[in-house]
Amino acid sequence: MTPTSRPLLTARPDIEAANPTALARVLDVQPLWTDVRPAAELIPELADERLLLHAGPPVAWEWMCVGAVVLEGWAATEEGALRLAGSGAVRFAPCHHHDMVGPMAGILSPSMPLMVVEDRASGLRAYSNLNEGQGRCLRYGALGDDVMRRLRWMGERLGPALRAALGERAEPVNLRTVTAQALQMGDECHSRNTAASALLARELGPALARHADLGGIEALDFLRDNNYWFLNFSMAAGKLALMAGHGVEHSTLVTAFARNGVDVGIRVSGLGDAWFTAPAAPVDGLYFAGYGPGDANPDIGDSAITETHGLGGFALAAAPAIVGFVGGTPERARRVSQEMAAITLGRHRDYRLSGLDFAGSPVGIDVRKVVDTGLEPVITTGIAHREPGIGQIGAGLTHAPLSCFTGALDAFPE
């Protein structure tokens, strides 16, 4: 990508003063998992109206997954759900507009259980839904009795069991500690969460077993088979940290980075709530047997919030086990993490990369540096089938389009 020359790439005192402040707020956040509650109890708009949240920047309802309309009982069939959505009786909004993040389609509805992640020093809270596992899932657009049964079980049994297990602890679960340890065990905490998921299950295992009446044993069986379990926690922790860094006047720090399967969008600390978008990019990766690029949906999901937090593609040097899955070599993984350091404001104090002699992971994407270098932020991600319900068909690497960043830079006053 060819670097672009703009007046704002020269050093400006107001920006140079703002960016360290924004980054310090990000790094000071301690993400604590404190609770699990139904979404309608945490996000008032979900209780007051027929509202569904989705991943990415705003998008027309025709591109949305409407299975949650059936889950909530607002319609009995997929056809009825489509009619209801088309009538305007259901409203859609980005998860990011409600301090929330969701993977792939990112669909959230009132009855779904949400994890609560908070920072005690700032009082900020962020949320994510609970990971459904693999196979036929709502986040991939799947409908059917099996999908609805799992989601209802998660609301009626899994959520209460997790809440009871958390309530037994003297202290909440510190997600930064889990993430830091998982990075030393081969995760990058976006597309590979095997170690982090196991560590989190170990934290809650005994307490879950003591709450068999609420579904604790069922929960342990579910967690045993779900290597993506920690992804949603990683996302919520990233969202919380970047919320702390948002709203710093003059700062060029990227504080949201999301895709809805149609567009990619970023938000910037010093530019309020505006989205700067570009068409979603394809994913360059490896496909499961029987699938290829013609089957793939463009990039989708809120999970790139992990990259803004120094994880995923920015921490690829920590995860040699994932390299073969997404395509490439350990040397490429090291090179990607080194390149990402050229577009960030600093390195994480706690997230250390063994593949780079335990240097901190690059963190704090700077709009100016992206435009100046022409280096587009790298994302590790799954590849979803373009048809609803089929699910994941591969994994690989993609990039945030440069035009998102040039658009944001142009929005700064001269």
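Val264 stands opposite Ala278 in strand S10. Strands S9 and S10 run antiparallel and are joined by four bridges; strands here are DSSP E runs of at least two residues, helices are H or I runs of at least four, and both are numbered from the N terminus. This is a predicted model, in which local features need pLDDT of at least 70, side-chain atom pairs count only at pLDDT 80 or more, and totals for chains, interfaces and linings use all residues. Residues are numbered from 1 along each chain as its sequence is written, and side-chain values use heavy atoms, with hydrogens and water left out.

The open sheet has four strands in the order S10-S9-S8-S12, with antiparallel pairing (a pair needs at least two DSSP bridges). Its edge strands are S10 and S12, each pairing on one side only.

Helix H15 lies across S8, S9 and S10, at about 155 degrees to S10; axes are lines fitted to C-alpha atoms, for helices over the stretch in contact, and angles run from 0 to 180 degrees between N-to-C directions.

Elsewhere, the axes of helix H6 (residues 145–167) and helix H9 (residues 216–224) come within 9 Å and cross at roughly 115 degrees. In this contact, Arg150, Trp153, Arg157, Leu158 and Ala161 of H6 meet Gly216, Glu218, Ala219 and Phe222 of H9.

How values were computed: Contact means heavy atoms within 4.5 Å.
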